[in-house]
Amino acid sequence: IAVSGVHLTVQRNKNNELFIADFQLDEQGNKKNSGSSIETYLQLFNKTTFIMKNSELLFSDDSAEFPSLYFSDIDLQIKNRDSRHQISLLAKLNNSDTQLDLRFDFRGAIHKLKNWDGKIYCAINDLNQNTLLQLFQQKQLQIEYFKINKMQADTKIWSNIRQGRLQSIF
């Protein structure tokens, strides 16, 4: 399954559940409000490969633990093979030149995200001061006592997930 030009809003509620809140599939801007959980959509793509290109995604967090994130120029690929789930996301972050490369490799029942085990890889390239300040405006990411005059960074992070919980980051 392949789509292009999708506008999508993913929301995390206060119960730590992910939902697709809104999506737009056509050029006329007709929006749908689905309210369905991510697990419902994963079930649709069981044993398939799903590709989304030239799209955008807004992530919002109802619990306000994380800042809202806007991803553009998305190149997303999801492969579901029985109990193995691989996700690859390449995108620009928050209307900047910051490039995100996010990879997931999980195992578990497709409809039970909270029980998945696996690995996450994340590379962020050209993380600049403006993008960093957008992220740090949230309560959890404050750096009030530091003044950064100019910065740019590239970073790579690997992490392990067990039973849907973060176990390690390196």
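1. A search of the whole structure finds three aromatic pairs. Rings of Phe, Tyr and Trp (its six-membered ring) pair if their centres lie within 6.5 Å; planes under 30 degrees apart count as stacked, over 60 as edge-to-face and the rest as tilted. The model is predicted, so local features need pLDDT of at least 70 and side-chain atom pairs count only at pLDDT 80 or more, while totals for chains, interfaces and linings use all residues. Residues are numbered from 1 along each chain as its sequence is written, and side-chain values use heavy atoms, with hydrogens and water left out.

2. Phe-106 and Trp-116 make a tilted pair because their ring centres are 5.5 Å apart and their planes stand at 40 degrees. The pair links distant parts of the chain, 10 residues apart: Phe-106 is in strand E9 (residues 99-107), and Trp-116 is in the loop between E9 and strand E10 (117-128). Strands (E, at least two residues) are DSSP runs, numbered from the N terminus. Both Phe-106 and Trp-116 are buried, where buried means under 20% relative accessible area, exposed over 50%, and partly exposed in between (1.4 Å probe, protein chains only). Ring pairs also join Phe-104 with Phe-106 and Trp-116 in a cluster.

3. Tyr-121 and Trp-158 form a pair with ring centres 5.4 Å apart and planes at 50 degrees, so this pair too is tilted. Tyr-121 in strand E10 and Trp-158 in strand E11 (residues 152-162) are 37 residues apart, and the pair links distant parts of the chain. Trp-158 is partly exposed because its relative accessibility is 37%.

4. The whole structure holds five salt bridges, a salt bridge being a side-chain nitrogen of Lys or Arg within 4 Å of a carboxyl oxygen of Asp or Glu. One of them joins the side chains of Lys-92 and Asp-73 (3.8 Å, N to O). Lys-92 in strand E8 (residues 84-93) and Asp-73 in strand E7 (residues 69-81) are 19 residues apart. Lys-92 counts as partly exposed at 27% relative accessibility, as does Asp-73 at 49%.

5. Strand E8 also contains Arg-84, 21 residues from Asp-105 in strand E9. The side chains of Asp-105 and Arg-84 meet in a salt bridge at 2.7 Å, N to O. Asp-105 is partly exposed at 28% relative accessibility, and Arg-84 is partly exposed at 29%.

6. Asp-101 and Arg-103 form a salt bridge, with their closest N and O atoms 2.5 Å apart. Asp-101 is buried, as its relative accessible area is 16%, whereas Arg-103 is partly exposed at 35%.

Key:
Helices (H or I, at least four residues) and strands (E, at least two) are DSSP runs, numbered from the N terminus.
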